[in-house]
Amino acid sequence: MWKRRVASLVREGIIKSEAVRMAFLKYPRYLFVEERYRGYAHVDEPLPIPAGQTVSAPHMVAIMLELAELRPGMKVLEVGTGSGWNAALIAELVRTDVYTVERIPELVEFARRNLERAGVKNVHVIPGDGTLGFPPKAPYEVIIVTAGAPKVPKPLIEQLKPGGRLVIPVGSYHMWQDLYVVMKDENGRIKKKRWGGVAFVPLIGEHGWER
Ligand code: SAM
């Protein structure tokens, strides 16, 4: 059923690159949800994960990965680890260390367990407020934020390498946002491109929404 989901994302033109298709096949979403949800992992909708959060729908994850234009060797920061699924896919695409920040301790543990079970070794799950980025490993060629922000957090722009891109949903607290690709050119100038409407849980933190 998962293979069929991947094939239909390719047919619909949502998965565009062979690299993303192969990553989806290597790390099916069912490896990153609780047992009772495994039978639904191929359905193209978000699924619950612990602490009242969600793992995004397969089409949403594919859209963000394609917009990120990941290549082997890129240094990537993800904000919002959740289940660890997206981090596993990123790690497969860049084939080097990936840093991912999660604010809910229960999910830090959940993601670490999932990643270990899936055999992913190059993802570092960091507990904390991802709106502050992760300065020890900055700058990043790509930053992917998987929760909805009220505005683009300044530390994330600062931690983006010239030539780098940030993929982030920005909009309201209750589910509706626009997905943006924020690009920093070689001179440090910022350009934003709006992709379209999306629905994410809120990004909560110093440069996000208040608790
Ligand atoms: N990427 C995840 C996956 O593959 O399962 C799904 C992410 S879920 C839609 C959003 C996650 O962002 C939640 O786990 C939530 O706790 C986390 N989050 C919200 N605000 C955060 C912050 N300031 N720093 C780090 N994580 C945050």
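Author: Start with the residue classes: Ala, Val, Leu, Ile, Met, Phe, Trp, Tyr, Cys and Pro count as nonpolar, Asp, Glu, Lys and Arg as charged, and the others, Gly among them, as polar. Bear in mind that this is a predicted model.

Reader: How is empty space found in general?

Author: Rolling a probe the size of a water molecule over the atoms shows where space is left empty. Here the largest pocket has a volume of about 410 Å³. It is lined by 33 residues, and Gly80, Thr81, Gly82, Glu102 and Thr146 are the closest to its centre. By class, its lining divides into 16 nonpolar, 13 polar and four charged residues.

Reader: Where does the ligand sit?

Author: The ligand sits in the largest pocket. It is surrounded by 27 residues, the closest being Gly80, Ser83, Glu102, Gly130 and Ile204. β2 gives the largest share of this shell, three residues.

Reader: Which polar atoms of the protein lie by the ligand's nitrogen and oxygen atoms?

Author: A polar contact is a pair of N or O atoms within 3.5 Å. A side-chain N or O atom of Asp129 is 3.0 Å from a nitrogen atom of the ligand. A polar backbone atom of Arg103 is 3.3 Å from a ligand nitrogen, and a backbone N or O atom of Asn86 lies 3.0 Å from a ligand oxygen. Taken alone, the ligand exposes 600 Å², of which the protein buries 99%.

Technical notes
Residues numbered from 1 in each chain as written. Predicted model: local features only at pLDDT ≥ 70, side-chain atom pairs only at ≥ 80, totals over all residues. Heavy atoms only, no water. Near = heavy atom within 4 Å. Polar contact = N/O pair within 3.5 Å; in protein donor to acceptor, adjacent residues only side chain to side chain. Areas by Shrake-Rupley, 256 points an atom, 1.4 Å probe, with all protein chains shown as cover. 1 Å grid on protein atoms, 1.4 Å probe; cavity = no way out; pocket = protein on both sides within 12 Å on 5 of 7 lines; lining within 4 Å. Sits in = over half its atoms within 2 Å of the grid points. Helix = DSSP H or I, 4+ residues; strand = E, 2+ residues; numbered from the N terminus. Points joined across faces, edges and corners; volume = space filled by probe spheres on them.
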